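Please keep the sequence and the model at hand while reading.

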Amino acid sequence: MTLTALLVRISLVVVLMILVGGVGVIGVGRIRSFRPHALRRLRLVAPYLLLLALVLVGNSLLRDVGPELSWIIGWRITGWITGIEGTFVATLQHYAHPALTAYFSYIYIYGYSFLLAFPVVAYFLLPDDRPIRETAIAYSINYAVGVVCYVLFIAYGPRNVMPDMVDQLLYTNWPESHLLTSEVNANVNVFPSLHTSLSATVAVLAYRTREQYPYWLPIATVLAGSVAVSTMYLGIHWAIDVLGGVALAAISVAGAVWLTSPDRRGTPLDRAGRRLRAVVDRPLAYLLALADDRSQEADERTGSD
Amino acid sequence: MTETEGEQSRLTRRQLLGASAALAVGTTSGCVSQARSILNRSSPSTLSVEIKTPPADADRTATLIARHLAENLDAVGIDATLEILPPVELYREVLLNGEFDVFVSQLPPIEDPDDLRTTLHSVFAEEAGWQNPYSFTDLTVDEHLETQLTARRLERRGVIGDLIDLIKREQPLTTVAYPDAIRAVRSDEFRGWPAYAPRSPLTYVALTRDGGRDPEAETTLQVSTTDPRVTQNLNPLAVEYRGSQTFTRLLYDPLMYRAGGERLPWLAETWQWTQAEETAAEVRLRPELAWHDGVPLTASDVAFTYEFLQDTSLGEIETTVPSPIYRGRSTLIEDVRVVDERTVDLSFGDVTPRVAELALTLPILPEHVWREQTGEANVSGISANNVTEALVWSNAEPVGSGPLRFERSVTDEALYLRRFEDHVLHEEEPPDPLRERFGDGVAFDRLEIRVVPSDETAIELLAAGDLDATRATITHRVVPDIGQNAALSLLVDRAKTPYHVGYNAGTEPFSNPHFRRLVARLLDKQYLVDDALGGYGTAVAHPFDGTDWNPPGSGFDGPNRELPFLGENGEVDVAAARDAFRERGFEFDEDGNLVVQ
């Protein structure tokens, strides 16, 4: 299977999972009642999504030059990590079982993708726009800080250091997935685990929105925990990477909460943010108004029939 | 907590003041000599050793050998840490900068005993590259390496035999095992894989396509690699990017190929040896040779190449800057003289033709391209001393003369080469013996070398028909997967690149041959063959073990009998090992750590 085929398959599975989650967690009623507000909401949230997109583009550009740069300025911490945690990951793999391997492989690829994508959809549909803004900002902080860490810290994961004790279970079990992960990440980018930090971020945000989406909290918690374990179980990350990921999640959520806090209204930072927003808002408003006109015209036409 | 710390630091400062006062008093009271004799003696410290090796993604076996050694050193009481580096970084630090204690990697291909001359002769100890990276110096070894140049047949065999004994004794490096070259291929379109050594460029030239080459339809041979370096840099002299040079040698032709005891005239049509005072050869090039860019290839390119490899600055920089690769073979030539467009005279000094002909296997470089690279390397204002542009440029669009020419390269993804129609192999009637061996030449229009993340992925792609073959040496761990698929064939051959442990003899305690011998005894070679290579390899005592240069005959000497492993089944016997170290004057402190002065 080629990379494109794999990507198509993952997208299909994730879309399917989101649809199921949409019915189960969000509820059909909420989706229906959202429709008239869709454009206005999109206009409100778009700058945040744009920020996230920019961070992602910057992230992927930096990752291309990252390893090269790392070897010049970065700290080599593989030895330090193994000195502290020793063979913890190998011990974890003692409990390897084909069923567990299959479970964690799917969690690592599909579960993780779903975990990240679902809140964006779910929070977009909420009347309260703070969760979606928090999510976009928290994701952005994760990726931005993560890529800086990848430049500053160079470490190989367990499978590259102790291949006799730690099996690269994901790739022996599911070789094609290596095409994807090697595309996304260099093998010296292990500290911190972005899989863990983003999953933990989602879980904490799920806790903050437990009243709006009570079912999402347990699902997100189980998935996030599984993702964190999977990174170690599959021999990709060290326990220290996972701890680093949890710390990064804490920083990201705290940063996002602080930045979106209503208490900050009127502060210089808030005003700066608004000015920045205005730059994006004007062309965006124009585009959306155009789309709005069209859909109204369409509505009128169907109405006249 | 903070208070006590403050107290302590104040106390320390006070103590320090006291100490310096005492020293001042001591100076005045005439105890200078005693103080000096204490101060100038370095206090014994525990030894720590750093072992550099590529990561498992790049070379799983090397990582495992390094881990095995690190664990056994640790067990004995020598603090060993693994420093895992990507190949480019590893070779830059080890080969170019000499920054290492110990490193584990495969050696470059060893085809002739003379290849060891550059590896071990003291004259090369100061140079950067694969020439003596170990800073090893030994007069007797030097002498043998020089004598084998002039010795004939049986006499040379004797010299090499003695040299092998010396290497086994001195352990300038420890060869661990020759791995098997394992490759998986699809058998539905291309045939003839095993005709030449797995990593020889001739393997690709000798392939045949079922039903012959179809001039109408475009055919591509797709091969996997897990080593992205070939997509990053195509400079045949950039030592940190080069492995066995399979693909760069397809781009750059030599005068002749030596393959399986046969000498195939390549760019050269003929060569004539003369042996009066010294050995010389008159080389006659084939008519109407051309570079990939259409410029004619002449005798002056040949002369240029040999001069250039000796000094890539061609005298522009004060010190000579020899090439870090092909160094040994280029030093065989003493003088080059262009006779006419198609003829060069090469003089070799006191070297037998058997050795001298190795110089004819070097890739020939186009003068019109490389002459511009003789200046001092200069990257955005940073100029490195003693490095020429030739050694650092990436040669992103190489111009060679080989049967394949460069088409396109996508960094970390793929390299595409295309059949070079003006090559002698692709003439209407290629001259013999080329036509006999290679028929119509290259059997495909295009060669795609695709970077894949792992051999497991390569097998999946191969099974799905997205590839025609894997790289020449894949991990033994995919062998069962290959066996399960009827469309795939498994090829197993012996690789020419042994795994070895290299010591920096320029640093303590590796300058001590006894210490190297003891470290060698912490490597359980047979265990490593079984464990790290899954049995696909052979433990060896020296670089020529298992070849017909081996003194006992053509068999294997196997794990060095004179230096047996200090333990069993990979587990080191700590008490016995420590005794062995103590016997050679090494000491351990009360915590069991080896101490050095």
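**Basis of the model**

This is a predicted model, in which local features need pLDDT of at least 70 and side-chain atom pairs count only at pLDDT 80 or more, while totals for chains, interfaces and linings use all residues. Residues are numbered from 1 along each chain as its sequence is written, chains are lettered from A and ligands numbered from 1 in the order in which they are written, and side-chain values use heavy atoms, with hydrogens and water left out.

**Nonpolar cores**

In soluble globular proteins, nonpolar side chains tend to be buried together. A nonpolar core is here a set of buried Ala, Val, Leu, Ile, Met, Phe, Trp, Tyr and Cys residues joined through side-chain atoms within 4.5 Å. Buried means under 20% relative accessible area, exposed over 50%, and partly exposed in between, with a 1.4 Å probe and protein chains only.

The largest nonpolar core has 171 residues, and those touching the most other members are B:Ile51, B:Leu255, B:Tyr306, B:Trp370, B:Phe438, B:Leu447 and B:Phe581. Helix H3 (residues 56–76) of chain B supplies the largest share of this core, eight residues. Helices (H or I, at least four residues) and strands (E, at least two) are DSSP runs, numbered from the N terminus. A second, separate core holds 57 residues, including A:Ile26, A:Tyr110, A:Leu223 and A:Ile236.

For B:Tyr306, contact means heavy atoms within 4.5 Å. When neighbours within four places in sequence are left aside, B:Tyr306 is in contact with B:Leu255, B:Ile333, B:Val336, B:Leu346, B:Ala359, B:Leu360, B:Leu362 and B:Ile364.

**Helix H11 of chain A**

Helix H11 (residues 194–208) of chain A comprises 15 residues, and its first and last C-alpha atoms are 21 Å apart, close to the 21 Å expected at 1.5 Å a residue. The expected span is 1.5 Å times one less than the number of residues. H11(A) is mostly covered, with 12 of its 15 residues buried; among them are A:Leu194, A:His195, A:Val202 and A:Leu205. The cover over the buried residues of H11(A) includes helices H3 (38–73), H6 (98–124), H7 (130–152), H12 (216–233) and H13 (239–260) of chain A.

**Strand S21 of chain B**

In strand S21 (residues 499–503) of chain B, five of five residues are buried. B:Tyr499, B:Val501 and B:Tyr503 lie on one side and B:His500 and B:Gly502 on the other, and both faces are covered. Two strands pair if DSSP finds at least two bridges between them. Strand S4 (residues 102–106) of chain B runs antiparallel to S21(B) and is joined to it by five bridges, with B:Ser105 opposite B:His500. Strand S5 (residues 173–186) of chain B also pairs with S21(B) in the antiparallel sense, over four bridges; here B:Ala177 stands opposite B:Tyr499.

**Contact between the chains**

Chain B contributes 24 residues and chain A 23 residues to the contact. About 2100 Å² is buried between the two chains, and carbon and sulfur atoms give 53% of that area. Buried area is the accessible area (1.4 Å probe) that two parts lose on being put together, summed over both. On the side of chain B, B:Asp57, B:Arg67 and B:Pro453 lose the most area to chain A, together 24% of what that side buries.

**Salt bridges**

A salt bridge is a side-chain nitrogen of Lys or Arg within 4 Å of a carboxyl oxygen of Asp or Glu. The whole structure has 41 salt bridges over all chains, and five are found across the interface of chain B and chain A. Selected pairs are listed below.

| Pair | N to O distance |
|---|---|
| A:Asp164 and B:Arg67 | 3.0 Å |
| A:Glu134 and A:Arg208 | 2.7 Å |
| B:Glu71 and B:Arg67 | 3.0 Å |
| B:Arg186 and B:Asp188 | 3.0 Å |

A:Glu134 in helix H7 and A:Arg208 in helix H11 of chain A are 74 residues apart, and their pair links distant parts of the chain. A:Glu134 is buried at 4% relative accessible area, whereas A:Arg208 is partly exposed at 37%.

B:Glu71 and B:Arg67 both belong to helix H3 of chain B and are four residues apart, about one turn of the helix. B:Glu71 is partly exposed at 42% relative accessibility, and B:Arg67 is buried at 9%.

B:Arg186 is buried at 13%, while B:Asp188 is partly exposed at 46%. Elsewhere, salt bridges with shared partners connect B:Asp112, B:Arg156, B:Arg258, B:Arg263, B:Arg354 and B:Glu357 into one network.
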